[in-house]
Amino acid sequence: IPKVGNITISGETFGNAKKIIRKELDQFYVNFDLSVTMGRLRTMKVFILGEVQQPGAYDVSSLSTLVMSLYVAGGPNKTGSLRNIILKRNDKIIKNVDLYEYLLNGDRFQDPKLQAFDTIFVPTIGDIVQIEGKIKRPGIFEIKSKTNAYDAIEIFGGGFSPFSYTKNIQIERIINNEKIILIDKESNTI
């Protein structure tokens with residue numbers, strides 16, 4: 001721009017870009033109109049590897065986040081973790097992402113913005129628990145640490161349905177891939 005020179009707005013939000021440009025122009029010009037528009041968005045290459053439906057290198061929008069990019073690759077497969085997704089930048093781990101926090105609690109910090117040549121790695125799934133019966137959200141869930149049965153039902157299963165008998169929970173455990181133990185608990189502590 002004449003008199004002003006180059007104005008760097010790389011890495012800024014679109015809203016901030018107009019403020020930065022206006023501030024620079026105010027030093028040299030008076031009574032001017034400013035209109036900022038965005039042209040075609042550039043793309044960047046990211047690598048999505050590990051236990052995903054279609055691992056590989058992808059060209060995504062420069063505004064892409066981790067979740068948006070995982071969607072492009074088909075998401076984690078059945079053996080992929082949702083609780084320990086690794087975001088690497090320049091061979092350093094930037095963030096360990098827990099998609100349960102994003103999906104169940106709306107934690108947007110679990111969906112970081114990406115930069116060119118970032119690597120998203122989805123490792124194999126960790127320990128799992130299957131919750132079934134008279135609960136709101138039956139299914140198979142990945143657990144991160146020791147979780148008691150009532151917490152698993154509340155956090156992952158969405159809680160008991162109105163027709164549940166909550167004083168009696170039956171637990172089946174598979175130990176060393178061979179022995180099954182049935183446990184009937186009739187208290188609130190498991």
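The following legends describe close-up views of a predicted model.

**Figure 1. An open sheet is built from five strands.** From one side to the other, the strands follow the order E2-E1-E5-E3-E4, and their pairing is mixed. Strand E2 (56-61) and strand E4 (92-97) stand at the edges of the sheet. Each of these two has a single partner strand, so one side of each is left without a neighbour in the sheet. From one strand to the next, the twist averages 25°.

**Figure 2. Strands E3 and E5 run antiparallel within the sheet.** Strand E3 covers residues 85-89, and strand E5 covers residues 119-122. The two strands are joined by three bridges. For Ile-86, the bridge partner in E5 is Phe-121.

**Figure 3. The largest pocket of the model has a volume of about 1300 Å³.** Its lining consists of 33 residues. Those that lie nearest the centre of this pocket are Val-129, Gln-130, Gln-170, Ile-171 and Glu-172. Strand E6 (128-131), helix H4 (149-155) and strand E8 (169-175) are the elements that give two or more residues to the lining. The largest share comes from E8, which provides seven residues. Sorted by class, the lining of the largest pocket holds 17 nonpolar, nine polar and seven charged residues.

**Figure 4. The second largest pocket holds about 600 Å³ of space.** This pocket is lined by 19 residues. Gly-11, Glu-12, Ser-62, Leu-63 and Lys-113 lie nearest its centre. By class, the lining of the second largest pocket divides into ten nonpolar, six polar and three charged residues.

**Figure 5. Ser-164 is a buried residue in the loop between H4 and E8.** The relative accessible area of Ser-164 is 19%; this residue therefore counts as buried, since the term applies to values under 20%. The side chain of Ser-164 has polar contacts with two backbone oxygens. The backbone oxygen of Lys-134 lies 2.3 Å from a polar atom of this side chain. For the backbone oxygen of Ser-161, the distance to a polar atom of the side chain of Ser-164 is 3.2 Å.

Terms used:
Residues are numbered from 1 along each chain as its sequence is written. This is a predicted model: local features need pLDDT of at least 70, side-chain atom pairs count only at pLDDT 80 or more; totals for chains, interfaces and linings use all residues. Side-chain values use heavy atoms; hydrogens and water are left out. Two strands pair if DSSP finds at least two bridges between them. Helices (H or I, at least four residues) and strands (E, at least two) are DSSP runs, numbered from the N terminus. Axes are lines fitted to C-alpha atoms, for helices over the stretch in contact, and angles run from 0 to 180 degrees between N-to-C directions. On a 1 Å grid over the protein atoms alone, a cavity is a set of points where a 1.4 Å probe fits but cannot get out, and a pocket is an open set with protein on both sides within 12 Å along at least five of seven lines; lining residues have an atom within 4 Å of a point. Grid points are joined across faces, edges and corners, and a volume is the space filled by probe spheres set on the points. Ala, Val, Leu, Ile, Met, Phe, Trp, Tyr, Cys and Pro count as nonpolar, Asp, Glu, Lys and Arg as charged, and the others, Gly among them, as polar. Buried means under 20% relative accessible area, exposed over 50%, partly exposed in between (1.4 Å probe, protein chains only). A polar contact is a pair of N or O atoms within 3.5 Å; within protein, one must be able to donate a hydrogen and the other to accept it, and residues adjacent in sequence count only if both atoms are side-chain atoms.
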